[in-house]
Amino acid sequence: MKPEETVDYNVKVCWHAISRMYNTEAAKNDITTSIGFVLLNINQETGTPATKIAPLLGLEARSLTRILKSMEEKGLIYKVSDDKDKRLVRIFLTEKGLEKKEVSRRTVLHFNRKVQETIPQEELNTFFRVSERIISMIENKEIF
């Protein structure tokens, strides 16, 4: 079997193409794709517990710690300890973080709009169903 005939190869190549495209756009705004995705998952009003962000993005806690440190250094976020539980830290966006979140939001919406304009909805629905089934097979340990 040729690599391009395998499911994993096509998923990986597609994601890397999307990631490169997002990183090119993100670099124009002095952020990365990872930072953009984190920004999109932080609640502007109530903040978001740091422990909730990594699972939303499929990241390891260690990776998120590095990203959050970078975001704090760039002035995109600030952390607030919970008054009742000092172990809980909420992440909030600064004004600059809100601006970059909006850039990230517009970028993701633009990409999705362009894909939806080009690929018929029926084909996208099939793609979504297939993706969900593969994820389910992996999570339910139906493969290994």
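This is a predicted model: local features need pLDDT of at least 70, side-chain atom pairs count only at pLDDT 80 or more; totals for chains, interfaces and linings use all residues.
The strands come next. E3 (residues 89-93) pairs with E1 (residues 48-49) in the antiparallel sense, through two bridges, and here proline 49 faces arginine 90 of E3. E3 also runs antiparallel to E2 (residues 77-81), this time with five bridges; lysine 79 has isoleucine 91 in E3 as its bridge partner.

Then there are the charged side chains. Opposite charges on side chains can pair up when the charged atoms come close, and nine salt bridges turn up in the structure. One of them joins glutamate 73 to lysine 69, at 3.2 Å from N to O. These two residues are four apart in helix H4 (residues 61-73), so about one helical turn separates them. Glutamate 73 is exposed, because its relative accessibility of 61% is over 50%, and lysine 69 is exposed too, at 51%.

A second salt bridge links arginine 87 with aspartate 85 at 3.0 Å, N to O. Arginine 87 is exposed at 75% relative accessibility, whereas aspartate 85 is partly exposed at 29%.

Helix H5 (residues 95-118) holds arginine 106 and glutamate 102, again four residues apart, or about one turn. Their closest N and O atoms are 3.7 Å apart in a salt bridge. Arginine 106 is partly exposed, with 46% relative accessible area, and glutamate 102 is partly exposed at 29%. Together with Arg105, Glu102 and Arg106 form a salt-bridge network.

Key:
Residues are numbered from 1 along each chain as its sequence is written. Side-chain values use heavy atoms; hydrogens and water are left out. Two strands pair if DSSP finds at least two bridges between them. A salt bridge is a side-chain nitrogen of Lys or Arg within 4 Å of a carboxyl oxygen of Asp or Glu. Buried means under 20% relative accessible area, exposed over 50%, partly exposed in between (1.4 Å probe, protein chains only).
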